[in-house]
Amino acid sequence: MKKKWIGGLISVSLLGLALAGCGTEKQEPSGTASEGGGEPTKLVISTWGFSEDFFKKEVYEPFEKRHHARIVVEIGNNAERLSKVKQGSSQVDLIYLSDYYAQQAIEAGLFEKIDRSRIPNIEQIYDIAKAPLGEEYGPAYTIGQLGIAYNPKTAGKELKSWSDLWSPELAKKLTLPSITSTSGPMVLDAASHVAGSSSFDEEQAFAKLKELNPHVVKYYSKTSEFVNMFAQGEIVAGPILEMYVKDLKAAVPDAKFIAPQEGAYAVINTVNVVKGSKNKTLAEEFINWHLSKEVQEKAAKAAVDSPVNKTLQLKPEEVQGITYGIEVVEKLRMLDMKFVNERLKAWTDRWNREITQ
């Protein structure tokens with residue numbers, strides 16, 4: 001079947017997948033606001049568990065003080081946290097999800113429609129980040145990119161293109177993400193493109209991946225698997241999110257990351273207000289705070305998240321390992337997440353039959 005599921009090269013006036021899960025325990029409140037009278041308003045935020053110290057100090061505590069709020073954080077991976085909201089087993093006001101899972105939540109009617117007038121900082125972010133899943137829903141607070149990382153000393157050639165993954169030099173030296181990972185559908189689309197299709201062609205994509213299958217040492221589902229194989233020399237190349245390249249370089253200093261010449265893929269993390277929240281206005285004010293130049297700049301300089309606020313002016317040494325700038329973001333390719341959700345089960349079944357059998 002053919003389907004034009006890429007939004008083309010992203011036209012903007014200018015994508016950390018993580019997407020990573022860190023358990024399901026509830027974190028203690030990060031503090032109580034000292035300003036205002038009465039008890040502070042509790043705001044429950046569902047998010048991943050990475051960089052907790054950074055978020056507590058630089059994001060949560062300043063907001064608490066300014067808004068007489070008390071933030072409680074529920075942590076876990078995308079699937080775990082979305083499931084809790086679906087089941088009604090948590091009192092979440094605000095939820096951070098990758099665009100793939102956020103689209104599922106929209107289709108299940110789990111998000112409030114946001115009031116953009118309460119989020120003026122939306123006007124300061126890249127166009128692609130303003131409404132990645134529609135004007136009624138929340139913005140992206142970070143956009144990373146999926147490209148290719150490799151060891152130039154052992155790869156046998158310089159990599160420039162998605163098609164280079166099919167090079168004989170990489171036989172038995174390659175890893176790819178599993179189809180159920182965040183980046184799995186992106187690699188499927190890249191395979192269709194390498195096969196010569198201008199729009200997504202499922203038959204060509206699977207045929208091309210079957211051709212590549214003998215070259216793959218392992219299909220990874222966790223980025224830690226990629227890092228470990230790379231560090232031990234079991235693999236020399238594979239698609240990975242740019243935010244994890246620092247981990248590769250810690251193990252292999254010569255590691256190199258490229259955005260393929262056809263375009264890297266946008267990895268988008270969104271923030272939305274959960275349906276039925278009693279603190280919708282406060283939640284929207286928090287979204288506005290997270291999009292502010294102040295927060296976005298601190299997160300970028302700490303290499304916690306790639307920024308979407310286009311007013312930032314970062315130095316070259318401050319952008320290592322993050323996706324930054326119009327010259328990068330405008331070249332990213334973006335999947336249609338509604339189409340991905342519609343087809344993923346069928347792709348997964350076919351992947352298991354034809355690729356990893």
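Me: In which strand is the place of Glu74?
Reply: This is a predicted model, with residues numbered from 1 along each chain as its sequence is written. Local features need pLDDT of at least 70, side-chain atom pairs count only at pLDDT 80 or more, totals for chains, interfaces and linings use all residues, and side-chain values use heavy atoms, leaving out hydrogens and water. Helices (H or I, at least four residues) and strands (E, at least two) are DSSP runs, numbered from the N terminus. Glu74 sits within residues 69-75, which form strand 5.

Me: Is Glu74 buried or exposed?
Reply: Buried means under 20% relative accessible area, exposed over 50%, and partly exposed in between (1.4 Å probe, protein chains only). Glu74 has a relative accessible area of 6%, so Glu74 is buried.

Me: Which side chain makes a polar contact with the side chain of Glu74?
Reply: A polar contact is a pair of N or O atoms within 3.5 Å; within protein, one must be able to donate a hydrogen and the other to accept it, and residues adjacent in sequence count only if both atoms are side-chain atoms. At 3.5 Å, the partner of Glu74 is the side chain of Lys84.

Me: How many residues of helix 3 are buried?
Reply: Helix 3 covers residues 99-107. Its buried residues include Tyr100, Tyr101 and Ile106.

Me: How many salt bridges does the rule give?
Reply: Side chains of opposite charge can pair when their charged atoms come close. A salt bridge here is a side-chain nitrogen of Lys or Arg within 4 Å of a carboxyl oxygen of Asp or Glu. The count comes to 23.

Me: How many residues apart in sequence are the parts that Glu135 and Arg116 tie together?
Reply: Their side chains meet in a salt bridge of 3.4 Å, N to O. Glu135 lies in the loop between helix 4 and strand 7, and Arg116 in the loop between helix 3 and helix 4, so the separation of the tied parts, in residues, is 19.

Me: Which residue forms a salt bridge with Arg343?
Reply: The closest N and O atoms of this pair are 2.9 Å apart. Arg343 lies in helix 12 and its partner in helix 6, so the pair ties together parts that are 141 residues apart in sequence.
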